[in-house]
Structures are given as C-alpha cells and as structure tokens.
2 protein chains.
Amino acid sequence: MESLKVVKIGGKLIEDKQKLEVFLNDFVNLEGPRILVHGGGNMATDIASKLGFETKMVDGRRITDYNSMQVITMVYGGLLNKNIVAELQALNCNSIGLCGADGNSIISKKRPVKEVNFGYVGDVSNINVGFISSLLQQKIVPVFSAISYGGNGQLFNTNADSMASEIARAMSETYKTELYYCFEKKGVLSDANDDDSVINEINRKKYKELLDKKIISDGMLPKLHNCFEALENGVEQIFLGDATLLRRESIHTKISA
Amino acid sequence: MESLKVVKIGGKLIEDKQKLEVFLNDFVNLEGPRILVHGGGNMATDIASKLGFETKMVDGRRITDYNSMQVITMVYGGLLNKNIVAELQALNCNSIGLCGADGNSIISKKRPVKEVNFGYVGDVSNINVGFISSLLQQKIVPVFSAISYGGNGQLFNTNADSMASEIARAMSETYKTELYYCFEKKGVLSDANDDDSVINEINRKKYKELLDKKIISDGMLPKLHNCFEALENGVEQIFLGDATLLRRESIHTKISA
C-alpha cells in the first residue's frame, strides 16, 4: 500500500503568518500523497463580532447559529481556504480547496440535541474515499476547511481534529495512513505549564497511565481520544507537534498502538 | 464532439433566493456536462462596509484594494460558492466549488495600470482545460466564483462575464460549447426602459447595426463584445436571458455568428 499523510494545522498557527509559512514550506517538501485539514482560529469570531453577530455560548460551549455558520463559511471556506491554496500553488504544490459539500466529500450528521443544542454542528458520518483518491491520483493535494455537508443543502461546522482523524481512518482502507496534528505546542506535555515537558511517545499502556495519573490536560483529552480511535481503525501512526512537526528533527509526540 | 454548457449567473439573481432556486432547479435538469460561473452582486460591498472597509472608486470605477480582495475571497469564494454547491448537492447534482487557484484552474494577469490602477483585478490568461475536463468526465459540475489566480500566491478579482466566456472559449477545443448568461433582464433590449423589448436573435451583421444606431445600452456593450469574441474563438452559440433562461420556452436573446 502507498503511504498517505493527513496533516491538520490548527487555527492559531494559520493566524501567525510566519509560522504558517514555515509549515507550508515543510508541507510541500513532504513526499507522496498528502491531505491538509485546517482549523479556523479566532478569525471567524472576530469577523462575526465586527458584523454585529454575538457569539452564543451555553455552559461555556460555543453554539453555531445561522449567522455564525454564514461567517464560518466565509472565513474558513473562503478566506483561509483559498489563500492557503494560493500559497501552496506559489510553492508549486498543486492543491484544491474543499469543504465537505464539494464532490460530496465529507458527509456529516447534525450533532444530536441533548443538554445542549449546538446548532449547525455536524459530526462526520461518511468520507468519499473514491473522490479524494481520484484527486490524489492526479497529484492534487486536497485542502479541507472544517466544514462538512449534512445533506439537504446544509453545511455544518465540524471539529477540525475529528475531521482529520475521520479522513485518516477512512483513507486507511486504501493507503498506509499517518496522521499529523500541528498545533501551538511541541507535543503532549507532562506539565501543562512547561512547554518543554514533551512526552516523546505514547502507546495505549502509557495513555492509560497518563489518564490514571490525570497528567493529560483537559484540552488534550479529546485530541488523544481521537488518536487512539484512529489507531484502532487502521491509521498507522500519529504525530503531534508545533509548526515544525513535519521536519525530521522536530521535537514531538508520537502516538502508536 | 460532446456538448458542454457554460452557464453564468449574475450576482443580482444569486441574491434573490426565489430566483436562485428556480435557476438551480433548471440547471440540474440540463443534460450532459456543464459548468457554472457565478458573480457576487452587492453582498461583498455590504459586508465590506459593515467591516469598516470603504469601497474605493476612481473615475466611477471600483478599485479592488487589499481589504476588498479579502472580502471578495470570503463572500464569493466562501459564502456564495459553498452554499451554491450545497444547494446543487441537495438537488442530486454532484458539484465542486472552485476559484482559479484550485487545481491551477484559471490563471490571470493583473490588469495593467494605465489611467487607473484597479488593484487586485486580473484578466484571464489561461484555463486549465485538462483539469476541468477531468472533473466533467467524473460527472462533477465545476462551480466557479469569479476569482482567478495570478501566480505568486495572489488571488485576483475577475469579471464573471469574461471568466465565463474565457472558460467557454478554452473548453471549445474539446467540447461543442454553448454559453449562457443569466442576468436580471430577459435578454438584450432594443429599449432599455422596456423589459419586454427583447431582441430574439443577434448575429454579427445585426450587432453592427445595433452599434451604429446606438441601440445597445452601456451596460450591455462589454457583454456583447465578450459574446462575439467567444463566437470567433470556437464557442457555438450564446444565450442571454433571465433566471428562466435554461428553460426551452424562455424568452431570450440568442447570439450567433
């Protein structure tokens, strides 16, 4: 099986022009087929507030109402996505910017209403492996914003970490898939206050140990949960690190079964 | 040669939800390969002004400065483009939303600075026929926003009418191509103040006659100029009309050599 790298870059890195440039340069130097998934950071919230739309929170969790979804479609699906594609083209990396509706590539279901109605938030239910593979075979790099398609003409805001892991899982049917999470830290930290306390390797045993000792910070919990789910579903290896993660010599956390 | 329909829908129609629905329903019922190109209307100007960006005009012509280009990328490339794709998917028409940077599909050159520096405005210089054909062969409808790629990471605002005619011209190498302009009028009018004074057919001779008699309104001149250039460069037939243009029984103007 051919190798495939699914790389997720977080919103905070995208907002930092210098770090984004470092990252994109490394990304185009990767060998073989690859997919980019990007988050959105705070830009959507900033623009929403300038447009006079309030960001609604319930129990400390953000709600994606109609106006928020419109702004997310503008900012993630338009501004960020198209500019990243243009930057990649400038580096001679042929790419294509997509949301889940494009080519019916990423289908989701509205997150069920329990205590909280998250609004226009969807959880991935299906990945169009055939369509994505056809782009990869044409040596075109798919660049996904974290917007999925819920059917019936509806776009949904989707967690970018989950989207990346769902893509990696689905693509592992036909590719030997590695998943990379680039975010603002060098990796999983054993001390949330010490950026240099990177744990180099985590396997399932170590993960359980870290959970038991409550060493993993709240923010990292869903990321790591995603990682082990992906490993159980065919993804070969997962790496977490900062904008330099794609470099061979980077300090990072490697996650393996 | 297989037939191909290149359809341009104007910004004013897109902003009218009811007319857009009529149009999209007819569009999905067309037979065979087709491409959609959409304008943006006033939404970008509205959003720019809400964000506190002034729309700059020189000699009555709009200038696309850095901030305008960011807003255009958001609104045309994101909001409008992705929502149109989602609507088409809901109608079982598999489509993909693109700007010129995507797949290096539509390359342009910055409009030369003469009396006016238009800023981030590009005129189409190359169409990636191979890439667009590969989508059509997969039965995926390309949906282009009027944003082209100028190289060096730069996106350019591009006239949607010209983009449609350039696409039609380029695609006519491999397809028998028809071009459709859907806008707010029923066709080319012999009396700008009478919406029912549609001229049913215009050929080159009639065009010259209309020009000589100054019957064509200023707004229609560049559209018709585009049309005859397209006809000279391989496009088979061109149709101009309103949201119902794609219906067999529509009142419209047909342009032929």
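**Exercise 1. Contacts and overall build of chain A**

Task: Among contacts in chain A between residues at least 6 apart in sequence, find what share joins residues at least 24 apart.

Solution: 
- Step 1. Start with the term: two residues are in contact if their C-beta atoms, placed from the backbone, lie within 7 Å.
- Step 2. Of the chain A contacts that span at least 6 positions in sequence, 71% join residues at least 24 apart.
- Step 3. Keep in mind that this is a predicted model, where local features need pLDDT of at least 70 and side-chain atom pairs count only at pLDDT 80 or more, while totals for chains, interfaces and linings use all residues. Residues are numbered from 1 along each chain as its sequence is written, and chains are lettered from A and ligands numbered from 1 in the order in which they are written.
- Step 4. Next, look at the elements: chain A has eight helices and 14 strands. Here helices (H or I, at least four residues) and strands (E, at least two) are DSSP runs, numbered from the N terminus.
- Step 5. The radius of gyration of chain A, taken over C-alpha atoms, is 18 Å, close to the 18 Å that the globule rule gives for 257 residues, so chain A is as compact as a globular protein of that length. The globule rule is 2.2 Å times the number of residues to the power 0.38.
- Step 6. Along the principal axes, the C-alpha atoms of chain A fill a box of roughly 45 × 45 × 35 Å.

**Exercise 2. The sheet of chain A**

Task: Work out in what order the strands of the open sheet in chain A are arranged, and which strands stand at the edges.

Solution: 
- Step 1. Two strands pair if DSSP finds at least two bridges between them.
- Step 2. For an antiparallel example, take β13 (residues 237-241) and β14 (residues 253-255) of chain A, joined by three bridges. In this pair, A:F239 stands opposite A:K254.
- Step 3. For parallel examples, go to β8(A): four bridges link it with β5(A), and three bridges link it with β2 (residues 34-38) of chain A. A:S95 stands opposite A:V141, and A:L36 has A:V143 as its bridge partner.

**Exercise 3. Buried or exposed?**

Task: Decide whether the residues of β8 (residues 141-145) of chain A are buried or exposed, and do likewise for A:N92.

Solution: 
- Step 1. A residue is buried if 20 or more other C-beta atoms lie within 10 Å of its own, exposed if 12 or fewer, and partly exposed in between, with C-beta atoms placed from the backbone.
- Step 2. In β8(A), five of the five residues are buried, so this strand is largely enclosed by the rest of the structure.
- Step 3. In a regular strand the side chains alternate between the two faces of the sheet. In β8(A), the buried residues on one side are A:V141, A:V143 and A:S145, and on the other A:P142 and A:F144.
- Step 4. A:N92 sits in the loop between α4 and β5 of chain A. With 8 C-beta neighbours inside 10 Å, A:N92 counts as exposed.
- Step 5. Most residues other than glycine have a negative phi. A:N92 is not a glycine, yet its phi is positive, about 65 degrees.
- Step 6. For chain A as a whole, buried residues make up 51% of the 257 residues.

**Exercise 4. How the two chains meet**

Task: Find which rotation superposes chain A on chain B, and which element gives the most to the side of chain A that touches chain B.

Solution: 
- Step 1. Copies are superposed by least squares on the C-alpha atoms of residues with pLDDT of at least 70 in both.
- Step 2. A rotation of 180 degrees with 0.0 Å of shift along its axis brings chain A onto chain B (RMSD 0.0 Å). The two copies are thus related as by a two-fold rotation axis.
- Step 3. A:G78 is the chain A residue whose C-alpha comes closest to the rotation axis, at 1.7 Å.
- Step 4. Now turn to the contact, which takes 33 residues from chain A and 33 residues from chain B. On the chain A side, α4 (66-90), β5 and β9 (147-149) each supply at least two residues, and α4(A) gives the most, with 14 residues.
- Step 5. Sorted by class, the side of chain A that touches chain B has 14 nonpolar, 15 polar and four charged residues. Ala, Val, Leu, Ile, Met, Phe, Trp, Tyr, Cys and Pro count as nonpolar, Asp, Glu, Lys and Arg as charged, and the others, Gly among them, as polar.
- Step 6. Finally, 100% of the interface residues of chain A are also interface residues in chain B, so the copies meet through the same surface.
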